[in-house]
Amino acid sequence: MKTISILNLKGGVGKTFTTINMAYELYRRGFRVLLLDNDKQGNLSRAYGRYDMERMAPASRLLDGNWREVEELIFHTDYEGIDIIPSNLSLLGATWRLTAEEGENQLLRYGDFMKRAEVYGSYDYCIIDNPPDVGLNVVNSLTVTDEVIVPVKVDEWALEGLDILADQIEDARQYNPGLKLLGVLITVYQNTDGEAAGREWLEKQAEKEQISVKRVYPVLGTVRYSRKAVESTFCCKPVYEYSPRCSAAQDYKRFVTWYTGIGR
């Protein structure tokens, strides 16, 4: 099972939307996907119809270590092949409780779960949707992650926070030596002169040889803005299912084809 973290320290860049649609595209190619909603807002859980504001969320129980069997935490979605560990605001409390503990135990909560044969052997991919911060829930996610994908919007502050994120990844490598910052995925892209110039600048930055490897952020792909994409979120559907011909659906399809080497 390969574990992917979708992460950016900025909000509003399409992290959850990328998680939703990357999972669906993997599912369309026949892969089994486990989603971990690591954000207290629970938008990923809402998108897949598994948000419950009344009870302690499975993601919170996972961070607390308050579980015995993996079946207690994993919920099936309406798509046979996509399962989810839902979240809600209770994850905030679980994160605060974890800060009161000491030692490496703070960082091993997700690792203990992912190592279970019922998890590791049941899925091809795990995708973690992270909040725009570096709380202990995010640090826990980095200790089990193989690759980090960073959604970015093309603006003056597109790379803001990436160096901080790279530093966090460097720190997490002492617990997870294989952790890799794969690169950035441009989202909500509109082909204006300004954004075109910004994308070209990002691509050139990725091509330059830098003294510090942390400052090289390869551009993995571009997802164009689409009104259909916005509409799909209100309908709680992946954009390809809602409008397969729209630009965003085609771009996520292209990105996952590149990522897996398998078209659909």
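Trainee: Is glutamate 71 buried or exposed?

Mentor: In this predicted model, glutamate 71 sits in the loop that runs between α3 (58–64) and β3 (75–76). Its relative accessible area is 55%, and because a residue is called exposed when that value is over 50%, glutamate 71 is exposed.

Trainee: What is the order of the strands in the open sheet, and which strands stand at its edges?

Mentor: The open sheet has eight strands with mixed pairing, and their order is β3-β4-β2-β5-β1-β6-β7-β8. Two of these strands have a single partner strand each, so one side of each is left without a neighbour in the sheet, and these edge strands are β3 and β8 (219–224).

Trainee: Which residue in β4 is the bridge partner of leucine 35?

Mentor: Strand β2 (residues 33–37) and strand β4 (residues 82–85) run parallel and are joined by four bridges. Leucine 35 touches several residues of the chain beyond its sequence neighbours, including Ile82, Asp83, Ile84 and Ile85. Its bridge partner in β4 is isoleucine 84.

Trainee: How many residues does the largest nonpolar core have?

Mentor: Leu35 belongs to this core, and together with Met22, Tyr48, Ile127 and Ile149 it is listed among the residues with the most contacts inside it. A second, separate core of 25 residues includes Leu62, Phe113, Met114 and Val139. The largest nonpolar core, by comparison, has 34 residues.

Trainee: Which residue forms a salt bridge with aspartate 64?

Mentor: Aspartate 64, which is partly exposed with a relative accessible area of 22%, lies in helix α3, while its partner lies in helix α4 (residues 90–99), so the pair ties together parts that are 33 residues apart in sequence. The closest N and O atoms of the pair are 2.8 Å apart, and the partner is arginine 97.

Trainee: Is aspartate 251 buried or exposed?

Mentor: Aspartate 251 forms a salt bridge with arginine 224, and the pair links distant parts of the chain, with arginine 224 in strand β8 and aspartate 251 in helix α12 (residues 247–260). Arginine 224 counts as partly exposed at 36% relative accessibility. Aspartate 251 has a relative accessibility of 4%, and therefore counts as buried.

Definitions and conventions: Residues are numbered from 1 along each chain as its sequence is written. This is a predicted model: local features need pLDDT of at least 70, side-chain atom pairs count only at pLDDT 80 or more; totals for chains, interfaces and linings use all residues. Side-chain values use heavy atoms; hydrogens and water are left out. Helices (H or I, at least four residues) and strands (E, at least two) are DSSP runs, numbered from the N terminus. Buried means under 20% relative accessible area, exposed over 50%, partly exposed in between (1.4 Å probe, protein chains only). A nonpolar core is a set of buried Ala, Val, Leu, Ile, Met, Phe, Trp, Tyr and Cys residues joined through side-chain atoms within 4.5 Å. Contact means heavy atoms within 4.5 Å. Two strands pair if DSSP finds at least two bridges between them. A salt bridge is a side-chain nitrogen of Lys or Arg within 4 Å of a carboxyl oxygen of Asp or Glu. Lists of a residue's contacts leave out its neighbours within four places in sequence.
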